[in-house]
Amino acid sequence: MLSDRLDPASLKYVESRDPGQGRLAPRARYRSDAVALDLDGAWRFRLADSLHDLTPDFEAPDHDDTGWERLPVPSSWQMRDVADAPRHGTPAYTNVVYPFPVDPPRVPDANPTGEYRREFTLPPEWPGTGRGVLRFEGVDSAFAVFLNGVRLGDGKGSRLPTEFDATDVLRPGRNVLAVRVHQWSAGSYLEDQDMWWMSGIFRSVALLHRPQDGVGDFFVHADYDHLTGEGTLRVDADATGRVTVPELGLDVAVGERATAPVGPWTAETPRLYDAELTTAGERVRLRIGFRTVTVSGGLLRVNGTPLLLRGVNRHEWDPDTGRTLTVETMRQDIELMKRHNINAVRTSHYPPDGRFLDLCDELGLWVVDECDLETHGFHLNDWRGNPSADPAWREALLDRMRRMVERDKNHAGVIMWSLGNESGTGDNLRAMADWSHQRDPGRPVHYEGDWDSGYVDVYSRMYADHAETDRIGHGTEDPTTDPELDEHRRSLPFILCEYGHAMGNGPGGLSEYQRLFEQHPRLQGGFIWEWIDHGVRRRTPEGEEFFAYGGDFGEVVHDGNFVADGLVFPDRTPSPGLIEYKKVVEPVAIRVDAAARTVSVRNGLDFAGTGQLRFHWRVEDEGVPAGQGELAVPVVAAGDSAVVSWPPELSGAADAGAVGAERWLTVSARLAKDEPWAPAGHEVAWFQAALTTGAPAPSAIRSGAGAPALRADGARITLGDGVFDARTGRLVRLGALPVEGPRLDVWRAPTDNDLRGRRGSDAEKWRAAGLDRLEHKVLSVEPGDTGLTVTTRVAAAGSDAALSAVYRWSAAPSGGDGGAGGAGRLRLTVEVRPAGVWDVTLPRLGLRAAVPAALSAVSWFGAGPHEAYPDTRAAARVGRFASDVDGLQTPYLFPQENGSRTDVRWVRLGPAGGGTGLRLSGPTPFSFAARPWTSEELDAAAHPTELVRGDLVHLTLDAARQGVGSASCGPGVLPEYRLLAAPTVFTVDWAAEEA
Ligand code: GAL
């Protein structure tokens, strides 16, 4: 039952497909000298559980709301106090599935509804003439607006602006604004994006004065002719007036064309001209970027030049405020992107806060602006009743497209319109594209969900694997389903609007994609899925912070941690995936020819020269600096290359003294001066070359004379510094250090990518094969004259497949050629041989061991500083690094394998304040991870806060590891990074060492 005094007809809009009543026509968002009253701030708020529980007359100016609480506008009510005790419902996460029965346009009776009220007084400068417009930048999901008790209208389209004419009800003194917002509405069927469901007035609200003879709407057409270097400007408007661009000396009438030589706008050179549009009643500030976007000759071009998009998909997210972002956060996103060589953003899957686009214009990013549309949940019902194909929804879809294009049409950065995401196929999408082409012929249209691509200007796909992407690059892809469309689609450029699913550890295989993009002109790059993990900051009852994901709020239907798949963590700390992406897409390719003593630089930018960069070289001997300096490189134009000889200082450093250590040269390109998005000195690109490979490590430890004898004495066997358990053959002590000695280990806590996959996951196969529960049977422990041989068979219950592992220990004399610090060194050579049928890959092949937790200070010479796996190692550079054990952990929201460092020559673990430590080294590089918990504990935890530090540091040392791939959504591990069980021999030297 509805509250008695509410007329049910007054709530009909909630379940109506109609996009809204009483709204003004959509128009550009702009700043002018007209008076505006900011209505953000603390509003009175009450949450009703359903439409049956609404407050009668809540809109009446004299309604007593003093008992209501205050809620900030903008915000989502579910985020209120979300860290400890959410007060108004909770965020709920689903990916594809609608969290309510699919019965469009109806929604559940349990429809939480926020009642908002605030008062305002017109400012003294409010003119006596003109009109007053209430503007809502974003309200999720349907709302009705009342001013001074009078209903102005209603609206839907959460991430789009809505305006109402308030003129006739505005009062000179006190005004009371009341807004009713419903969590669910017919509009929810169009807003099934993969993200948290949240509600409320989550973007700003303002009362705008509209002066008589003011500007209503206007459209800046600012083209650039790359052949003549001229810009053409024409500003259309629904008022007469003039446009001035002082810097260009332009002063033209609205609707009139003018040309002038200009500097073009590109994402690399975001040249904006300040301008003004003046009518009799208003002055509007414009920032104009001249550029021309075309699809011609099968390529997407700006100013005639084909683009290579190094993009990301960006949702709006903040762990404390949800989809309400400050302008500082928006800027931070763009700065972080630019610092990581990202040049493009797809605003997945809705138009962002308009201020974000202002910043993209200013700082330079290519933007694919996407409409607030996704109907993915219909897919689970075989697309029956999909709004994209149902004429009853056409107006609702067109309305959304119009509101996006009209709001954002004056942004230089927006180079493409996207109809939405994952909304199947249907004529309503075609209608949106047709309308857009007619309204704005200057921007191509994008939509991924209709693979035949009949009404779009680029062929776009998501998660196509490398092989298919390569075929598309060659133009040999499978034909369209409608043969009539094949020729059209083959003529289109290709982008991957989503690829490289950045969920948890990964994504692997980015370098291989980039190679394809650089090889085939038709492949114009793509957008990583996605920018940020949508984790919600919460606290355990003990006050420990963590980031919640789907299911953490007790949702009945949810998609778990699939919401955490970004290149940055929820607090915007870069994940290793972002560091990898930065390296993979670096716009300047540096190479070293050590024999010829030259450095080559290829400028992979599309527009800018390398004038903003300076080059730097550094030589290191086993990671210790041995010389550095500047490298003079002439300015290299976009697409060009240059080769320069080493300066004498570099040659000198390369030749200096004979070194027993590895000598590496690193050349890097850095910003020559401060840029708006990064300070001078910021590194953009780098390359490393080995100058010497170092002294060959002794291939065998001397035995015979001088080598310490082996002593077997009851339960213990002693070999050099090592003490072994005589029954198990395991090392238990090394010098003074207690050790849980090494033994064969192949398990890793499955990553998100291991856990998912189109054709069954690797993790399922590994568990079925028992790789997580291998048993070690000791077949023999054989002390010899100079060494110890331990033979084992490692296998899982129920299986006759096994890995035979033979451990051969030998010792160097104390103080001999062994370790630094004079302690003795033990050499362990492990021989692994698979027996029986092995039809699964291995997560890794190596050892595990443990040492006391006090050994928390870690240093190594190898690749770093970040984690790296076989298919995510582009960004790891060779050097000497140090960290404590905690710092080696990557805090993925869902705990999983992480933190492994690769190509390690030696690693040392010691007490933080100095003392006896453990040094591991080997004749061939290995990978290591050091953790306060075991792989099994990592595997069992659902949140990092569940991981408990014990009294050991657990080490994994690997001869080989499987890559990580991107199977959580996309291709799995590429064949070259899959790890097959095969005979393997590897050696690790163990030494107790003083530091
Ligand atoms: C895509 C979708 C995204 C996201 C991603 C997986 O299919 O467009 O919104 O769900 O998959 O994380």
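1. Start with one residue pair. R159 and D372 form a salt bridge, and their closest N and O atoms are 3.1 Å apart. A salt bridge here is a side-chain nitrogen of Lys or Arg within 4 Å of a carboxyl oxygen of Asp or Glu. Between domain 1 and domain 3 the count is 8 salt bridges.

2. Ground rules come next. This is a predicted model, in which local features need pLDDT of at least 70 and side-chain atom pairs count only at pLDDT 80 or more, while totals for chains, interfaces and linings use all residues. Residues are numbered from 1 along each chain as its sequence is written, and side-chain values use heavy atoms, leaving out hydrogens and water.

3. How confident is the predictor? The mean pLDDT (confidence in each residue, from 0 to 100) is 96 for the protein, and 97% of its residues reach 70 or more. Over residues 814-823, pLDDT falls below 50; beyond near neighbours in sequence, this stretch has 16 contacts in the model. A contact means heavy atoms within 4.5 Å. Where pLDDT is low, the predicted coordinates should not be read in detail.

4. Now the layout. The protein is divided into domain 1 (2-210), domain 2 (218-294), domain 3 (306-582), domain 4 (587-693) and domain 5 (714-994). These bounds come from an automatic or database domain assignment.

5. Look at domain 1 against domain 3. Their centres, taken over C-alpha atoms, are 27 Å apart. In contact are 50 residues of domain 1 and 59 residues of domain 3. The two domains bury about 4,700 Å² between them, 58% of it on carbon and sulfur atoms. Buried area is the accessible area (1.4 Å probe) that two parts lose on being put together, summed over both.

6. On the side of domain 1 that touches domain 3, strand 6 (92-94) and strand 14 (195-197) each supply at least two residues. Strand 6 gives the largest share, 3 residues. Helices (H or I, at least four residues) and strands (E, at least two) are DSSP runs, numbered from the N terminus.

7. Is helix 8 (576-584) mostly covered or mostly open? Mostly covered: 8 of its 9 residues are buried. Buried means under 20% relative accessible area, exposed over 50%, partly exposed in between (1.4 Å probe, protein chains only). Among the buried ones are L578, Y581 and V584. The buried residues of helix 8 pack against several elements, including helix 1 (327-339), helix 7 (510-519) and strand 43 (683-692).

8. Q514 lies in helix 7. Q514 is buried because its relative accessible area is 3%. Leaving aside residues up to four places away in sequence, Q514 touches L308, Y499, V584 and V585.

9. Finally, check the backbone. Most residues other than glycine have a negative phi, and most peptide bonds are trans. The P104 to P105 bond is cis, with omega near 0°. S348 and H349 are also joined by a cis bond, with omega about -15°. D57 is not a glycine, yet its phi is positive, about 60°. D903 has a positive phi too, near 55°, and lies in strand 57 (901-910).

Methods
pLDDT is the predictor's confidence in each residue, from 0 to 100.
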